[in-house]
Amino acid sequence: MTTADPGGPVWPGDPGWPGETPGQPDGLDDLSVPADVSSGAGTSSWADPNDVLRVEHLSKRFGPLTALVDVNLHLAQGEILGLIGDNGAGKSTLLKILCGFQAPDTGRIVINGQQVALKSVDHARSLGIDAVYQDLALINQLSVYHNMFLNRERVRWPLLNNRSMRQTARRYLDELGVNIPSVDSQVASLSGGQRQAIAVARAVYSDAKILLLDEPLAAMGAKEVALILDVVRDLKRRGDVSIIVIAHNYGQVLEICDRVNLLQHGRIALDKRSSETSVQELNDIVVAEYRRALLERQRPA
Amino acid sequence: MSDTAQRAAGTIDGRPPGGPPPGSALGGLRRAAVFAGRQRELTVLVVVILLVVYFGFLSSGVGSFFTRVNLINLSQIAAPIVIIALGEVPLLICGEIDLSPGFVYAFAPFLMYFLIVYHGVPVLAAIVISLLMGLVVGWVNGFLTVTLGIPSFIATLGTGFVLYGITLTSSNATQATPTTNSVGIGKWIGGYGFAEIAWAFALAVICHVVLTRTRWGLHTIAVGGNQLGAREAGINVARIKYGNFMVSGLLGAFVGLQIAFQTSVIDPNAGGYQPMFYSVAAAVIGGTAMLGGSGTIIGAFLGSIMLAVLTDGFNVIGISAYPLNEIFGGAILIAMIANIQLARLRATGRAR
């Protein structure tokens, strides 16, 4: 769709940005994943031995509320998967299950070919899965560098190695081009975008092999969006990190993701390569579903 | 209070050491005010110094404040407040409170006494078991609060009452005296004049380092500041809260033993709510947030000294006990008002 290649990104708002010309190669496609994965949800043929992550028949209920019905999903080595869907479709629930924060009711999670039962966030991290939550999980009362190393603190037993953490945090943020007054600042004193950037930086530098980003571009200014997209692209080029991105902006999703999954009513309703779909198509599907539900409700009992 | 300690307190809050960047000469005064506001503990320290100067040099009790007897008395008022506050500060920071240490305090020396007298347990073992009892009570508080989800205010109120009942029934509500074979060790725990304040100071240093310089302290602040976020980061919130409740129980038991050896009396009606309330007041005066997320050991230490100087000072200048409480309440309120106003000033300083 876009003409972006890793060397010359095209940003939202730029002239070359999401044209309604689907099917054009986007330069991010040279992956070993078979191309015939589109709309393969629910079948088993989509699974590829190269997958770092596979989710099969996952379901989750919260009392009377069914968040996930039957989710099947896979993620190849080095792939960036966009997860879209309206509010309440279960995106965040899925992410919280994948990072070990919540347990699914049923279903299998397979990481690098091994079936795992994620017991805790720590356990998921030890398997190389890390997440940036929608609520960022930052501690307002702590400094930027303590937040960046939260629960992964560097210790010269028994004391914290603050100097090392401070220096490393500064280096990471400099590398990312994140502009904050000081790594000693309390997180409470930073802007929404800065907070988001710190949360993303924290996950990016945590050595995660599977990175889960829950709306990483929310509350971001145009410059900060560009910054985070650059970071994701960088990771993509390195190839050792696989990423699932939740986002609302379909244009941004198609821009950085190799593949898009649409979550609707707790199921994957669509699974297509970014090059085979368009903002228009995704929009149409979501809006059509909305109209259908509306009609159903308005139908006289 | 050393400068290093001040800076350490500043670091954990993420405040950069030193004042705001230099500006015009006109802004100098404001900068000074903002700087003073940033160092919450500094205001309490100034109040303590003013009180000491007043009671030592200006009041009608001139000459009797700085006597050895009175300084021992002052330290013995301050030490229990400090030590119990050392348990309360981390709990307040992680969003909980413990109302029971005063009752652990009453029961611990009785437990020691019973073990020695009725069960022939060696003195040192009896002391250790009494301290362990404090840990167990703390664990129970943690269980009620964290595992069963009872608000800590109610949970620890309950354990406090239960402990008080146990103390009264087991002692038949009569006083006892520490056994003669325990007095030797007891001197080091609380018998010598300055033993208690020495312990209080040493424990305060340890607690300060733990709170500001270790993962445990950092995670305590994280749990109080953003419990969900801490959990999402993989911090074991339950472990942090259990641990802090247990420390509070342990310190409560320790204070009880100290007082027993200091006064040579084991009193079933010792402790109660008063020491806990003094300690919570001291912590809050020293800048600990009642809603969690922030607080310092240094502040609580100075707050405790302030309350002790007030109590002892009015004693020295011979004010009757009745108006003392009015002055006391007023002092707490003034300290709190000053704290909140300075916090606003602090926020202004940060915004610039």
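## Basis

Residues are numbered from 1 along each chain as its sequence is written, and chains are lettered from A and ligands numbered from 1 in the order in which they are written. In this predicted model, local features need pLDDT of at least 70 and side-chain atom pairs count only at pLDDT 80 or more, while totals for chains, interfaces and linings use all residues.

## Interface of chains A and B

Contact (C-beta atoms, placed from the backbone, within 7 Å) joins 27 residues of chain A to 21 residues of chain B. On the chain A side, α2 (121-126) and β8 (159-160) each supply at least two residues. Helices (H or I, at least four residues) and strands (E, at least two) are DSSP runs, numbered from the N terminus. The largest share of that side, three residues, comes from α2(A).

By class, the chain A side has 12 nonpolar, 10 polar and five charged residues. Nonpolar means Ala, Val, Leu, Ile, Met, Phe, Trp, Tyr, Cys and Pro; charged means Asp, Glu, Lys and Arg; the others, Gly among them, are polar.

## Helices α5 and α6 of chain B

In α5(B), residues including B:Val104, B:Leu111 and B:Ile116 meet residues of α6(B), among them B:Val123, B:Ile127 and B:Val137. The residues of this contact comprise 12 nonpolar, two polar and no charged.

## Helix α3 of chain B

Helix α3 (residues 40-58) of chain B has 19 residues. Its buried residues (20 or more other C-beta atoms within 10 Å of their own, C-beta atoms being placed from the backbone) include B:Arg40, B:Glu41, B:Val44 and B:Phe55.

Notes. Contact = placed C-beta atoms within 7 Å. Expected span 1.5 Å × (residues − 1). Buried ≥ 20, exposed ≤ 12 C-beta atoms within 10 Å, placed from the backbone.
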